[in-house]
Amino acid sequence: MPSSHAAPATSGGTRHQDINIPLSALSSSHEHDSKTGSDEDLDPESDSALLRRHRDIDDEAEDTTEHIGLYSRLAGLMSKAPLLLRSAPGFGTGSYGAVPVGASAETSDEEDEEEDRQTAKRRSGLRNAASSGALSGRSIRSRTSRRKSSNARRQSVEEVAGLEGRFGLGGIPIPNADDSSSAEHVSEDAILEDESAADDEDPPDNSPYPEVRASVSAIDNTSLSINTPRMWTLSLLFAILGSSTNLFFSLRYPSVSITPVIALLLVHPLGLIWDQLLKRRDDPNEEFIDGSRRPSIDSNHEHNLPKPTGWRRFRLWLSQGRWNEKEHSCVYISSNVSFGFAFATDVIVEQTHFYKQEVSITYQLLLILSTQILGYAFAGLARRFLVRPGGMIWPQTLMSAAMFTTLHKEENTIANGWKMTRWRFFFVVWLSAFLFYFLPGLLFPALSYFSVITWFAPKNVVIANLFGVASGLGLFPVTFDWAQIAYIGSPLLTPFWAAMNVVGGLVIVMWIIAPVAYYKNLFFSSYMPILSSAVFDNTGNIYDVSKILTSDFLFDRDAYHKYSRVYLPITYVLSYGLQFAALASLLTHTACWHGSDIWKQWKRSLKEVDGETKIYEPLSGGTQHVPAGTRKRRLDRTNSSVDNIISQEDVHNRLMKRYKDAPLSWYLATFVIMLAVGIFVVEYYPVHLPWYGLILALGICTILFIPIGIVMAITNQHSSIYLICQLVCGAVFPGRPVANMVFVTYGYISSAQGIKFSADLKLGHYMKIPPRTLFSVQMVATVVSSITQILVLNWMFANVPNICTPQAINGFVCPLARVHFNGSILWGVVGPKEFFGPNATYHILVWCFPFGAVAPVFLWLYARNRKKNIVRKINLPVLFGSLSWIPPATGLNFSVWALVCYIFNYVVKKRATAWWAKYTMTLSAALDSGLAFGLVVVFFGFVYPGWMEGFKWWGTEIYKLGCDWNACPYKVVPAGEHFGPDNW
């Protein structure tokens, strides 16, 4: 119980003031000297450290505050107009400044509200200097009965004053503030209470990982709004816009991917504008339980206000709560679910435009929904292994959590002399990127394909091979089109060490091995372009797959032998070899460098499953307070790679036990329903995949899902099962290309989507989103985005002339679908045996598997005891796997991407660290979104209406005149002849 100390402070010498000091504060007082060393051990980027630095700054500012006279103070207390506490930054909106305080004792509803907030805060265990809206005015004001005595009201005012003293808010002076001894006593109590708050910010069971502690708050504000019309409206808006835009761009080359980071940035001002337009000062108070508004007693009667009707009732429904980091997280998660275009759309493109099948809308919807949602079922069923353990940190989610902290603090620090806010910087860059795109995207496309060296010798094949940007290796890395630079992902968001691994692979494989093999005519490659996403026959022409298929789209072996083997450009051959090596190297690299950690995590995860309960138990001592005897019982905070720190239950899992879990039966029911839909799809429609083939695909996913997820959660490396699925289906169901595509979709996409869903579940875990709300958000976003993509896809089929052909306008040649189609030919039509068998052309590529498996072992044996050796920076899975983008990406896409990454993530980061930290992510989002908006405006505003027909000049034609654009081969097959063997 709190103890009461009488502080003789007078206002006219007639009244005493009671100051409540919790035992936690007294305990902190007695141990203050002994705690000094412990406090210094706190992470300097933790919430408690930020709180202390902010408190010191505010205390300094408070020393210079001008004191208000006695008359002014009394007038302030008697005034009907509310006074506002000054804002203080925190984890969320930092909205202490939204709280109306003060009024006379006769009309002091705000005082009651402050007391209610203090009670709610103590009840939920919050010392919420790092969570938005703990005192954020009308958004989360817990409303209880107003039947309070005048003494309680006076105590409420005094508690507010104590809060001001604690945080240096400098709001309304206390009527007895002239007594210096009282002020000194309150100040001391405030400091003691803040020492206790530091323990709340950094409890003993906080994460042992410094990156987690620096990015994720260790406290939970249970009173924030989540399940509101604002959150659902913005979630659905971005799900529709993001999914449709990314599908639209995926059929174009060069393209750009709109990342969820853009949604994270753009939705924040929309949420604030929503509140600005719909919130009113006289709105009734609200209480939120598990993020949903709780029906409470009607306060309108006590306030003598009329019952809301008509528009006001609708406005109050729309304006529930106030925009905060939890709503922001839900919108971002819905965007993360929906922004990636569904792989099933590529299958539909291949069926309709390459295999010339007629597919119904019903088939398209069932295929995309079943393949997308099955992944969610896998993620939900594996939560105990991949989400709840503290060692499953999911590094990519920490960036998002840190962004929520940054945005809702609403602070603007000076970075290397730059005072511009992030939002202003974003707007300037976005507008510039949008306007500039009209040059490379419409008026001067030579700036995009800036192969200036080939312009001087357009017919020279060697120069086109080496320096070309359309079908060459891109040895001259210059372009003025962000779509080319960011085609394989934004270079600004890629770590420099990872980019250097990619460059190493590019130089060794694509710039050294590829030209040598090409000009040596290895695999008859000189008769084809050095780089192309197409496959060829033995006359050097693009392979006509219709010649080797029956009318039922099955493999015709006799026709195959009469026509031709399938031949690949040399870069395509090397790309497949690299993918084989990457798959094998990922397993051995992870086993060598992270094997012991993964094994211990696996065993401890099993123990957690056996002993886990979903009952929230506060730390001993009440809320977040920790008794003196337990302060040193912290999780080991050494290095994240050291043993025994990756499987303890941390504070985030403990806090999540406050909320009702999404039952396992929900995910089981989802799996059973989608499995039934999948069986119906493969049995009813002519995809030539039997139902047990679907079970086999899901079986592969089931066996590998948890191991892949654990590796991803710990190492941030994703092991794709794309090639495994292609190989297995090609061997079990040979000669069935459509079946191969559908098999890969159900096997590979269920795994990939499940990993993405697991990462989002972990982000919701970090941000303390109730599991049932998160289930609804992810499921609704998946369904809405899937339906949206099918509608957009069919609109493009009907309205984009010559789509998915080389003659398509504005680059809508469907590059990714073309690559997947070629893969279906290699693995589904021809089959692994015909392609990689003992007498096949590319049988040597099989040796890439053992090479990729062995190479990491030698690197590990050499560098495991050399802590500072540069060899430890070599990551073979990244080095091999990144180049799988070639084709359809070209050498230019990699070389200029790496150059930009070097400039920003090495040079700028090293010389202007503060600028880099403040603006880099914003710069990337602004460039991506400005480009995306420019692409849409150029296509729909100028190209699609036909306004640019006949618009030609040197800048629109120069890059099309040479061998680079026309993909000239080094050798030409004489008329009537062919290369390769006559019989096979």
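**Grounds for the labels**

Author: To begin, 57% of the 984 residues in the protein are buried. The model is a predicted one. The protein has 37 helices and six strands.

Reader: Why is Phe757 called buried?

Author: The relative accessible area of Phe757 is 0%. Buried means under 20%, and therefore Phe757, at 0%, is classed as buried. Phe757 is located in helix α29.

Reader: What makes up the surroundings of Phe757, leaving aside its neighbours within four places in sequence?

Author: Phe757 is in contact with Val337, Gln372, Gly375, Tyr376, Ala379, Gln778 and Thr782. Contact here requires heavy atoms within 4.5 Å. As for Ile373, its C-alpha lies 9.8 Å from that of Phe757, while the two residues are 384 apart in sequence.

Reader: What share of the contacts in the protein with a separation of 6 or more comes from residues 24 or more positions apart?

Author: Such residues account for 82% of those contacts.

Reader: How do you know that helix α13 and helix α14 come within 9 Å, and at what angle do they cross?

Author: The figures refer to the helix axes: those of α13 (residues 343-354) and α14 (residues 361-381) come within 9 Å and cross at roughly 150°. The crossing of α13 past α14 is right-handed. On the α13 side, the contact is made by Ala344, Thr345, Val347, Ile348 and Gln351; on the α14 side, by Tyr363, Gln364, Leu367, Ile368 and Thr371.

Reader: Which classes of residue occur in the contact of α13 with α14?

Author: There are six nonpolar and four polar residues, and no charged ones.

Reader: Which residues line the largest cavity?

Author: The lining has 15 residues, and Arg383, Val387, Met656, His765 and Pro771 are those nearest the centre of the cavity. Two or more lining residues are given by each of α25 (651-656), α29 (737-766) and α30 (771-799). The largest share, three residues, comes from α29. By class, the lining of the largest cavity has eight nonpolar, three polar and four charged residues.

Conventions
Residues numbered from 1 in each chain as written. Predicted model: local features only at pLDDT ≥ 70, side-chain atom pairs only at ≥ 80, totals over all residues. Heavy atoms only, no water. Axes fitted to C-alpha atoms, helices over the stretch in contact; angles between N-to-C directions. Helix = DSSP H or I, 4+ residues; strand = E, 2+ residues; numbered from the N terminus. Left-handed = near helix turned anticlockwise from the far one by under 90°. Nonpolar A, V, L, I, M, F, W, Y, C, P; charged D, E, K, R; others polar. 1 Å grid on protein atoms, 1.4 Å probe; cavity = no way out; pocket = protein on both sides within 12 Å on 5 of 7 lines; lining within 4 Å. Buried < 20%, exposed > 50% of the residue type's maximum accessible area, 1.4 Å probe, protein only.
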